[in-house]
Amino acid sequence: MAGPDRAGHPLPHEVITYIIRRLFAAVGLLLVVTLITFAIFYLLPRLAGATPETLAARYVGRSATAATVHLTAVNLGFYDPIYVQYWHWLKGIFTGVDYNIGSGIDHCPAPCLGYSFQTKSAVLPDILRVAPVTFSLAVGAAVIWLLVGVSTGVLSALRRGTFFDRAAMTVSLAGVSLPIYWTGLMALAFFAYQWGLVPPGGSYTPITKNPLLWASDLMVPWITLAFLFSAAYARLTRAGMLETMSEDYVRTARAKGLRERDVVVKHGLRAALTPILTIFGLDLGLLLGGAVLTETAFSLDGLGRYAILAIGDQDLPRILGVVLVASVFVVLANLIVDLLYAVVDPRVRIQ
């Protein structure tokens, strides 16, 4: 493969090759994720002594009769070899599944992430119904914590040892230490119930209906969630900036007479953003899979609260569907981060 051009930028065919390679790696990683997920929910219980009837009982709820549980175990293939079960489960995601538990055939259309026998419905439509809430919460909070956290970290590094630096790092330490459910309840107590500045938790308006009301409903959850993450990002940005601003190429840029703003942004911050970008991809992917504590504290009907309710109902297909969706979000977030490395940091080259 040819190297980069004289300016140090990757050639177009190298970029395309790199993207294709990363896409294939992401697909392979998703396959591994499905294998691990299946092993956690199906193989490990069998190794721990669970019987096919025990596994089937998690599908039909607590009030099912022994005959119904046994029939469910037979129809779901829990007496088949484990590799056959995995193949049928994986194939059902792409082709759909027909379930027959004696009272009729229930169809789960593709893509089938599971079928809840308790609610008599496929899992994917329920996930698509609550996903916009989680997506809105995660993206809005991510914008706030990136702007506040990175800006605070840069200013703290440039004003090292000043009152602003000490105060910012003290607040950051508090943000990292305080649990989200405590800060969420305190925010609700003051902003919503005592001062009446925002509506209380539990309300959500789609952005397509009323963007202003959408932002108003989520403002306190955004600030609460961003307070936790911006604190960590401020400390990480400060450490990265202190390291990069002492590098030789930064001193060379200053010696050439570049403006201080260009030195800080183009040479210092851009190089310090690489670890921040890595962590941001993981954090955003996990939040898109369900901000459990935040959604529970503010009574938001998102993926996290959906998973909590499914656990309480012992509804395995719903739990499994959320795990798969969360895994996909994490893999996609890491894929995007890998593709953005060469854009953010000029020292990163496609090899």
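Which two cysteines form a disulfide? Keep that in mind while you look around this predicted model, in which local features need pLDDT of at least 70 and side-chain atom pairs count only at pLDDT 80 or more, while totals for chains, interfaces and linings use all residues. Residues are numbered from 1 along each chain as its sequence is written, and side-chain values use heavy atoms, with hydrogens and water left out.

Next, select cysteine 108 and cysteine 112, which form a disulfide with their sulfur atoms 2.1 Å apart, a disulfide being a pair of cysteine sulfur atoms within 2.5 Å. Their link is right-handed, with 110 degrees about the S-S bond, and a search of the whole structure finds 1 disulfide. Cysteine 108 is buried at a relative accessible area of 1%, and cysteine 112 is buried too, at 4% (buried means under 20% relative accessible area, with a 1.4 Å probe and protein chains only).

Now select Tyr42, Tyr59, Phe78, Trp89, Tyr99, Leu113 and Ile127, which touch the most other members of the largest nonpolar core, a set of 37 residues. Such a core consists of buried Ala, Val, Leu, Ile, Met, Phe, Trp, Tyr and Cys residues joined through side-chain atoms within 4.5 Å.

Finally, move to another core, of 29 residues, which lies apart from the largest one and includes Ile180, Ala187, Trp214 and Leu287.

How values were computed
Buried means under 20% relative accessible area, exposed over 50%, partly exposed in between (1.4 Å probe, protein chains only).
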